[in-house]
Amino acid sequence: MSDYYLLSTNGKLSCSNDVLVYSDVNGESRRIFPHLVERIVSVGALNITASAMSVLMSKQIPVYFMNKNGSFRSSLDFAPAKNVFLRQAQYRLLDDEVRRLDIAKSIVAGKLRSQLRLMQRHKSDNELKKQMKDIMHDCVKCINLEQLRGCEGIGANTYFHHCKSVLPTWIGFEGRSTRPPKDVFNSVLSFLYSLLYQRLEGFIVQEGLDPAVGVFHELAYGRKSLTCDLIEEFRVPLCDSLAFALFNRRQVDEYDFICTEDKGIRLNDKTIKLVIGTLEKKLHENVTYNGGVIPYWLIIQKQVHHFRRVVEGKESDYVPVYFR
């Protein structure tokens, strides 16, 4: 089974003989067989009929909703967690400052290593290498989460500063910008992050973990802190690398984007399809993991399971995945 994407502009999801049917505003339709779908991702406005909702509930197919600007809106999930003892262990971890800091340091170290590796692939830069290694060393010495977040922020700023030098000049990239993205590279990056975010959150829910209870990101009303934590080690190898490839190979250009009313930039429908297809292809590539060869999407699932075992005390240390 796999994810099914709907690029919708006021389209309708209905049901006929227990088969889901998507109809767009032009009157065209296509069938979606529930037994072949793990989850549905709707990009744009989608109307769901009562009969379709009944099928989604009976088959327990979650639906994730995104805006065309890449923002995650909400989700329908029909399989609530039943393992109260696992979530109790998650909440207790919040009060274990030493253990929580150790896990958070591992997450940040994995992200920083991936950022350095990607930059070194595009441009050998001894200055960047020294800067990033100094930041990694500072992270190890952090005595609390506030210090660690500060080091991670410095690392992110350093990384994106160097990104500018390996991107085509026509992009006009000046650093990371969100809500809204101010340039085409940030627009693609944000959209990729949103796609990966919903995929990761689905695995977190499947494991019975609470997506809102993380170890590194601060707890906040409405924030899925655990999803924000575990996505860090996958941002660079899956999203950043793809964004670089799309622009450096000139698979997208300035005409593939739309200026929004709030002076931001978003992808047009053609580019949305390209980015979704590119990420899905990447997620199904086989890579080495713990002595075996499996696709990226399965590695994400296994890392979530690994985190669960750490929470339960069945494994002592959280080890982020690092793609060489």
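Modeller: Here come some labels, each set against its cut-off.

Modeller: First, this is a predicted model, so local features need pLDDT of at least 70 and side-chain atom pairs count only at pLDDT 80 or more, while totals for chains, interfaces and linings use all residues. Residues are numbered from 1 along each chain as its sequence is written, and side-chain values use heavy atoms, with hydrogens and water left out.

Biologist: Okay. Why is α3 called roughly antiparallel to α4?

Modeller: Helix α3 covers residues 97-122 and helix α4 covers residues 126-141, and their axes cross at roughly 175 degrees, coming within 10 Å. Axes are lines fitted to C-alpha atoms, for helices over the stretch in contact, and angles run from 0 to 180 degrees between N-to-C directions. Under 35 degrees is roughly parallel, over 145 roughly antiparallel, 65 to 115 roughly perpendicular, and the rest oblique. That makes α3 roughly antiparallel to α4.

Biologist: And what counts as a helix here?

Modeller: Helices (H or I, at least four residues) and strands (E, at least two) are DSSP runs, numbered from the N terminus.

Biologist: Which residues of α3 and α4 meet?

Modeller: Among them are Val 108, Leu 112 and Leu 116 in α3, and Met 132, Ile 135 and Met 136 in α4. Contact means heavy atoms within 4.5 Å. By class, this contact has 10 nonpolar, 2 polar and 4 charged residues. Nonpolar means Ala, Val, Leu, Ile, Met, Phe, Trp, Tyr, Cys and Pro; charged means Asp, Glu, Lys and Arg; the others, Gly among them, are polar.

Biologist: How do you know how α4 and α5 run relative to each other?

Modeller: Their axes cross at roughly 170 degrees and come within 9 Å. The two helices are therefore roughly antiparallel to each other. The contact includes Leu 128 and Cys 139 of α4 and Leu 148 and Ile 154 of α5. Its residues split into 7 nonpolar, 5 polar and 2 charged.

Biologist: What makes α6 oblique to α10?

Modeller: Helix α6 (residues 184-206) and helix α10 (residues 296-311) have axes that cross at roughly 45 degrees and come within 9 Å. That makes α6 oblique to α10. The contact involves, among others, Leu 196, Leu 200 and Phe 203 of α6 and Trp 297, Ile 300 and Val 304 of α10. Sorted by class, it has 7 nonpolar, 2 polar and 1 charged.

Biologist: What makes the His 217 and Asp 229 side chains a polar contact?

Modeller: The value is 2.7 Å. A polar contact is a pair of N or O atoms within 3.5 Å; within protein, one must be able to donate a hydrogen and the other to accept it, and residues adjacent in sequence count only if both atoms are side-chain atoms. The side chains of His 217 and Glu 232 also make a polar contact, at 3.4 Å.

Biologist: Is Pro 237 buried or exposed?

Modeller: Its relative accessibility is 12%, so Pro 237 counts as buried. Pro 237 is in helix α8. Leaving aside neighbours within four places in sequence, Pro 237 is in contact with Ser 114, Lys 282 and Phe 323.

How values were computed
Buried < 20%, exposed > 50% of the residue type's maximum accessible area, 1.4 Å probe, protein only.
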